[in-house]
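Here is a set of questions and answers to work through with the structure in view. Take them in order.

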Amino acid sequence: MFSRLRLAFRIARREALRYKGRSALSIALLGIPLLGVSLAATAYDTMVLSDVETTEQRIGEADAFVRFDNEGVPIVQHTWHDRWPWTEPAGPGGEWQGEEVPESEVLAALPSGSTIAPYSVDGVGSGIRVETPDGIGGIQAAGYDLSDPMYESAGLEYLEGEAPRGEQIVISKAAADHLDVGVGDTITTVDDPAEYEVSGIVELPWALNERYAVGAVFEQGAGGWLVDTPETFTYEDALALNELGMSVWSTPLAADPPSEPPVNISMGDSFAMMIYGLIVTVIVVEVVLLAGPAFAISARRRSREFALMSAAGAAPHHVRNTVLAGGLLFGVIAAVIAVTVGILAVWAAIPLMEGLFGHRSSGLQVMPVMQASMAGFAIATGLLSALAAAISASRINVVAALAGRTPQRRTGKRWPIIGLVTVAGSMAAGFTGVTLWSMPLMAAAVIGLQLGLVACTPMLVSLVAKLGRRLPLAPRMALREAGRNRGSTSPAIAAIMGVVAAGVAMSLTVTADNLRHQANNVHELPQGALSLRIGSPESVEDTTDFDQAYEKAAQSLSRHLDDLETRPVTVFSSPSCGDWTDGAPPEGCLLSYELVRPEEHRCSYWSMDREGEEAEAAAVEAARGDPRCDETPHTFGAYSDTPGSTDPVVTAAYSELDGGALDEAVALLESGGILISDEWALTEEGTALIRLNYATEEQEGSRQETRELPAMVVDEGLLGFNQMFLGPAAAAELGLEESQLSRLYLLESSTEATGAVQEAIAAEFEQAGGGDYWVSFEVTDYTNPFSFYVMLVIAILCGVIALGATAVSTGLIIAESKGDMTTLGAVGAEPKVRKRFAMWQTVVIAWLGAGLGTVAGLVGYALIREAMNRNLKHVYPFKVLYGWELPWVNFGVSLLAVPLIAAIGALVFTRGRLPSERRVT
């Protein structure tokens, strides 16, 4: 057995060296997806720190970091692995009230000889404003005494210079670059004008991108203390600090937690594993479909060699072993190259990744279990990719192959039927798997769906080939050639289908997630609307001159926005009710107001029995069939500010009404009515109910009254959190007044508010100074930039891979069709005819592959969508589910751009003149 395997591997090695280009393509098709996984696994393991590594990076060689969870109240600490542990009051009543604890008492709770130093692990101090080369900017500042060696033991490193003395300071590298200063230069603070000399450039390993300054001249700004004890920090030391109300974060306790939380705080593990499993399944199928055509076409080109082996006495299993040995060899080579290149690339990119992540890595970590799994994965996919070619090669017609003929085996009618049955069965298995939450069923559905489509491909190719009768010569020849050589065309189409299917499924998922993000945003003004908001801190609300602030802001805006028009928007809120001297509002003070539905329009969920999981599930299921149950998490709660106006332009901006409907809305607002965006809040009489909540003398609960006002409904989702838009008369009826804390203006301009314009306006506001008010220029934007870039990356990545698969597959087919191209030349066909023939071959393969891939991707996304929506369906108010918004840009790339570019490439790089060759006999 081993001698036969050695022979098979010798033949595979010889063929790989003999046809280096074809071998390199096969290895690349196997290795590129594995390279991506190796890169991701190595980068993740290198940059994502464990709990212990995070602790070591944040507090260095210090024994612990401690802070008050609640000063003077004994606590029980349940978790020890992060800087925000889970704690609870130790007392029976759970009171969170205690007395101030001085530093001396903290030291007394620690072993004799211990020292502490103020520190923060969540940021560096508090914000200050400083002069920058472009004007005024902000950095963080902390008042640490850096002569204490504990700071260097905690990880503070001097890149240049030395520790500050007197009124000197040190700054971070990011701050030095931003302010364009170095050692010996000075920085100037704005709020408390002073100049400080920079004595050094420092770095904290967990704050590489933070702009900060440290020196004793600043306010301390610490969130806790570093602790240094003479001996190893112990659990008993932590308990002593817990008695003072302090939580503890320590490396020894993070590595070996002394206690476990009372409940399991990890969530979503099974859900995450299910999604990861589906992703891995998609990758496996994609790699097999990508590499399969290379092995299939290679086996067809080696048919004479296999025939000679059979004539010399080789059994079919010998031929199969020879082809499988090639798949195994290529899989091993692809695994070694992918893992090696992935690890080396991450090692070289560590400085870049540290800059992107904003913290130092723990050194190169390769995730050996994952890398070993990838090696096994490469070997398995290499074998699977070569399996179909091996079976086909073992059934070769020896006489025909030795004569130089490659007779086409007729595709039996059973294969399309098997393919259709497989597709139907896979879809049923997928939805059953989602219902039963079964990973094997969902994975089988993903695999079976694409294999079923592959089985149907020869039939589709044959049907498409019949369309060529009325086409010009080159496309007619390409279609007939595809139909005649279905054994070569089908694997090439399958390769493109696998890539496009994965890309379509991923782009649909990201698009749906982006729509969920937009739907979860509270819609107040239209997309792209410009507004100016002027606010005042509560302490000076009676002295702020909003008109003067507006005039000053409008002058700044007019220097950047052409044809500027401003329209005031009245912001109505509850009255201030005077000074709350005893910490509680006086009796009769209007605390809040909210839009409520009449009883007959309330969702049935609220009136059902919901005790227990089964009753809750039944109530949610009943609500799903009740049209009144369209509430969202934003529906509930009373919010303080509601916009209002009778200006038609402002009303149109908020309500998105126009024409006669807008005139009707303005008239309603002028007569004391309101606009609402909840259709079920409108009574049969055309009014809306507003609940007013007033403070009571006992300060327990509130006294409620209801007002009924004329109302008009606008589109769902508009008008912000309160779902209301008021006029002055309605606001007076409700007892509301214009807010004394802010003013809002709607802006219109012919200038596009680009990022540069927004930054310039913000800088001018900052330089002008706010006095007793703050000014903010805002551009309404409900989009998610991250999703846009993800979609762009997916489109480019899938387009490049699909283009590569198209080029490789059609290139191999064109190479196999070399004899036909020579025959065309022999009968007098011009070189341009042969080049067009190659171009149309590429177009046929690319379009069929992209079309089937789109279908497979849509069905695959249906499974992913059901899996993602599983955890979202069983709660009320309902969460936004993953929907069916189609990413037309990605479809355009797959269905139009890739075939077009591939066709141009075939037209340019195909040789039109080929020498005549003697027939092989």
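Q: How many disulfides does the structure hold?
A: This is a predicted model, where local features need pLDDT of at least 70, side-chain atom pairs count only at pLDDT 80 or more, and totals for chains, interfaces and linings use all residues. Residues are numbered from 1 along each chain as its sequence is written, and side-chain values use heavy atoms, with hydrogens and water left out. A disulfide here is a pair of cysteine sulfur atoms within 2.5 Å. The number of disulfides is one.

Q: Which residue does the disulfide join to Cys603?
A: A disulfide is a covalent bond between the sulfur atoms of two cysteines. In this one the S to S distance is 1.8 Å. The partner of Cys603 is Cys629.

Q: How many residues apart in sequence are the parts that this pair ties together?
A: Helices (H or I, at least four residues) and strands (E, at least two) are DSSP runs, numbered from the N terminus. Cys603 lies in the loop between β16 (590-596) and α19 (613-624). Cys629 lies in the loop between α19 and β17 (642-644), so the pair ties together parts that are apart in sequence by 26 residues.

Q: Is Cys603 buried or exposed?
A: Buried means under 20% relative accessible area, exposed over 50%, and partly exposed in between (1.4 Å probe, protein chains only). Cys603 has 2% relative accessibility, so Cys603 counts as buried.
The other cysteine, Cys629, is at 5%, so Cys629 also counts as buried.

Q: What kind of aromatic pair do Tyr605 and Trp606 form?
A: Rings of Phe, Tyr and Trp (its six-membered ring) pair if their centres lie within 6.5 Å; planes under 30 degrees apart count as stacked, over 60 as edge-to-face and the rest as tilted. Here the centres are 5.0 Å apart and the planes are at 85 degrees. The pair is therefore edge-to-face.

Q: Where does Phe218, the partner of Tyr196, lie?
A: Tyr196 and Phe218 are an edge-to-face pair, 5.6 Å centre to centre with 70 degrees between the planes. Both Tyr196 and Phe218 are buried. Tyr196 is in strand β10 (residues 194-203), while Phe218 is in the loop between β11 (212-214) and β12 (224-228).

Q: Which residues is Leu453 in contact with, leaving aside its neighbours within four places in sequence?
A: Contact means heavy atoms within 4.5 Å. By that rule, the contacts of Leu453 beyond those neighbours are Val423, Met497, Leu852 and Ala856.

Q: At which residue does helix α11 bend?
A: The bend at a residue is the angle between axes fitted to the seven residues ending there and the seven starting there. In α11 (residues 316-357) this angle is about 60 degrees, and a proline, Pro351, follows within four residues. The bend is at Ile350.
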